[in-house]
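Reader: I am new to this one. Can you show it to me and take my questions as they come?

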Amino acid sequence: MPTVHLLDYVAGNVRSLVNAIEKVGYTVEWVKSPADVSKAEKLIIPGVGHFGHCMSQLANAGYVGPIQEYIKARKPFMGICVGLQALFEGSEEDALVPGLGLIPEQLKKFRDTDKSVPHIGWNSANTSAQGEVSENSIYGLRPSSKYYYVHSYAAPYREGQLEKSGWTVATARYGDEEFVGAIAKDNIFATQFHPEKSGAAGLRVIKAFLDGKRLEKLEETPPAALTREGLTRRVIACLDVRTNDQGDLVVTKGDQYDVREKDGVSSGGAVRNLGKPVDMAKKYYEQGADEVTFLNITSFRNCPVADTPMLEILRRTSETVFVPLTIGGGIRDTVDTDGTKISALDIATMYFKSGADKVSIGSDAVIAAEEFYARGKTLIGNTAIETISAAYGNQAVVVSVDPRRVYVSSPSSTSHHTIKTSTSGPNGEEYCWYQCTIKGGREGRDFDVRQLVVAVEAMGAGEILLNCIDKDGTNSGFDLELINDVKKAIKIPVIASSGAGHPKHFAEVFEKTPTDAALGAGMFHRAEYTVRQVKEYLQEEGLLVRQFEE
Ligand code: 1PR
């Protein structure tokens with residue numbers, strides 16, 4: 001099999017890139033020292049997280065000169081995400097650290113006045129400006145395809161500017177900002193998006209680059225609806241995983257977090273078994289899920305951390321599922337079965353190495369946020385959120401919130417942030433606050449969701465997975481009041497979760513709230529609707545979605 005060299009100079013999920021490269025028929029050899037760079041026939045530089053951190057790592061390890069020489073020798077070079085950003089002169093993200101300087105421009109942070117930052121999700125990479133359809137595509141990029149982006153900084157696109165120096169540019173639009181989605185010139189190709197996480201569309205791009213097929217004549221002009229620019233509505237399938245009473249690892253699903261079968265009178269029966277985690281993740285990928293989330297809801301308490309069954313699930317899933325994978329449950333400092341202390345960062349590292357793109361932190365985030373306030377809103381420095389986001393970037397850290405409604409007769413009867421609700425409480429209360437819980441809803445805290453999300457954003461979380469215990473498993477639609485309230489408080493993206501029972505609930509949450517993504521579980525597991533049906537429904541409603549490509 002032909003070989004491609006991959007430079008593993010930063011932390012992150014490189015396993016998925018290796019899987020993607022192997023899937024398109026190449027083998028990977030690692031560049032282990034600067035001297036290896038010149039041996040490469042094809043070189044890929046991935047990168048995720050912080051520009052300054054990545055560039056300093058490259059510089060300190062002595063890679064900058066050899067990479068520049070390699071590029072000058074006109075050998076095929078591909079940069080991914082920060083690997084694209086490295087081609088530029090510098091970035092606002094870290095003014096002190098220079099890039100490779102092939103493009104004399106600076107990367108800028110997206111404006112967060114009218115949209116969430118980071119930019120997370122599926123967007124275009126169109127080789128012609130203003131949504132026109134180009135006759136030729138570079139390296140398999142197609143105007144009807146969408147690609148997975150996750151970044152806060154981008155190269156602003158100014159029409160004709162880069163083209164003057166011979167670059168072909170594919171652009172994407174986020175809000176009213178147009179930026180460079182991919183770029184090519186001679187032997188150089190780079191994408192701001194992650195092709196290894198962009199389904200079949202991304203695999204096609206990797207293959208075209210590795211095969212050296214720069215131009216592809218497109219046979220047909222795709223319908224205008226498919227070439228619309230902008231971030232698509234993200235639909236996520238979530239799998240709650242735990243061991244059942246027989247010791248098998250199963251996908252389960254609770255009603256208001258109770259995962260045991262009910263016998264008609266009381267709960268307490270067997271753990272609901274809805275299927276096998278790896279098979280179900282693949283099924284949802286093939287139905288067009290934009291992301292898959294695994295929540296380990298029992299944390300496998302008696303098992304050594306390195307043998308955690310979720311690691312194997314991730315490894316196997318990442319071989320066939322080429323969209324982002326999130327893993328939650330048990331991300332906290334812990335003591336292993338042999339007494340060794342293991343940090344949350346070590347646990348996250350194991351997950352990233354096994355194919356996860358993001359980790360989701362629940363209980364530990366609540367405890368850390370409480371401490372943040374106890375210290376007068378100062379950062380603590382060693383919490384899971386802070387250490388993982390410092391090492392892997394804030395886009396890799398999701399905070400999963402498990403709130404429960406607490407009804408009150410008036411805002412003055414509690415110190416917590418309340419909302420006026422249209423669903424009044426059992427005694428006709430017109431107000432409620434959202435209480436944070438930990439340990440899967442088992443323990444309520446004297447702490448509200450507004451306090452939590454503001455704190456975790458400040459601590460470095462990149463996204464909020466917003467569940468709602470009252471709505472979980474009810475099939476009655478999302479808690480729109482909660483979602484609207486949380487969106488007002490923070491700039492990072494929010495994933496609406498809990499309550500989806502029909503495709504119309506997804507349309508409703510996208511139309512009535514500014515949510516960035518919506519997640520469903522039970523309705524997919526019970527095969528009441530497929531992810532594809534949800535997306536078809538959204539499209540009929542005029543909402544932009546990514547089409548699944550075979
Ligand atoms: O606290 O960091 O160990 O993380 C534990 C994680 O496990 C948290 O993310 C918490 O939400 C989750 N979890 C714990 N117990 C349960 C349970 O169900 N007993 N599941 C649980 C949470 C909620 C959603 C669900 C949506 C959509 N599941 O993820 O998938 O509510 O469901 P629906 O569409 O069927 O309504 P830590």
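Predicted model: local features only at pLDDT ≥ 70, side-chain atom pairs only at ≥ 80, totals over all residues.

Reader: What is the chain built from, and how many of its residues are buried?

Author: The secondary structure comes to 17 helices and 29 strands. Buried residues make up 52% of the 550. As for contacts with a separation of 6 or more, 71% link residues 24 or more positions apart.

Reader: Why are α11 and α13 called roughly perpendicular?

Author: Look at the crossing angle. The axes of helix α11 (residues 363–374) and helix α13 (residues 449–459) cross at roughly 85°. The label covers 65 to 115 degrees. The two helices are therefore roughly perpendicular to each other. Their axes come within 9 Å.

Reader: Which residues meet there, and what kinds are they?

Author: From α11 come Ala365, Val366, Ala368, Ala369, Phe372 and Tyr373; from α13 come Gln451, Leu452, Ala455, Val456 and Met459. In this contact of α11 with α13, ten residues are nonpolar, one is polar and none is charged.

Reader: Where does UniProt place the feature "active site"?

Author: The unreviewed UniProt entry places it at Cys81, His194, Glu196, Asp240 and Asp402.

Reader: Take Cys81. Is Cys81 buried or exposed, and how do you know?

Author: Count its neighbours. Buried takes 20 or more other C-beta atoms within 10 Å. Cys81 has 26 inside that distance, so Cys81 counts as buried. Cys81 lies in the loop between β4 (77–80) and α5 (82–85). Beyond four places in sequence, its contacts are Pro46, Gly47, Val48, His151, Gln192 and His194. One of these, His194, is also in the UniProt list.

Reader: And what makes Glu196 buried?

Author: The count again. Glu196 has 29 other C-beta atoms within 10 Å, so Glu196 is buried. Glu196 is found in the loop between β13 (188–191) and α7 (199–211). Beyond four places in sequence, Glu196 is in contact with Ser16, Leu17, Ala20, Gly202, Ile206 and Phe322.

Methods: Residues numbered from 1 in each chain as written. Helix = DSSP H or I, 4+ residues; strand = E, 2+ residues; numbered from the N terminus. Buried ≥ 20, exposed ≤ 12 C-beta atoms within 10 Å, placed from the backbone. Contact = placed C-beta atoms within 7 Å. Axes fitted to C-alpha atoms, helices over the stretch in contact; angles between N-to-C directions. Parallel < 35°, antiparallel > 145°, perpendicular 65-115°, else oblique. Nonpolar A, V, L, I, M, F, W, Y, C, P; charged D, E, K, R; others polar. UniProt positions renumbered as here; feature names shortened; annotations may be inferred.
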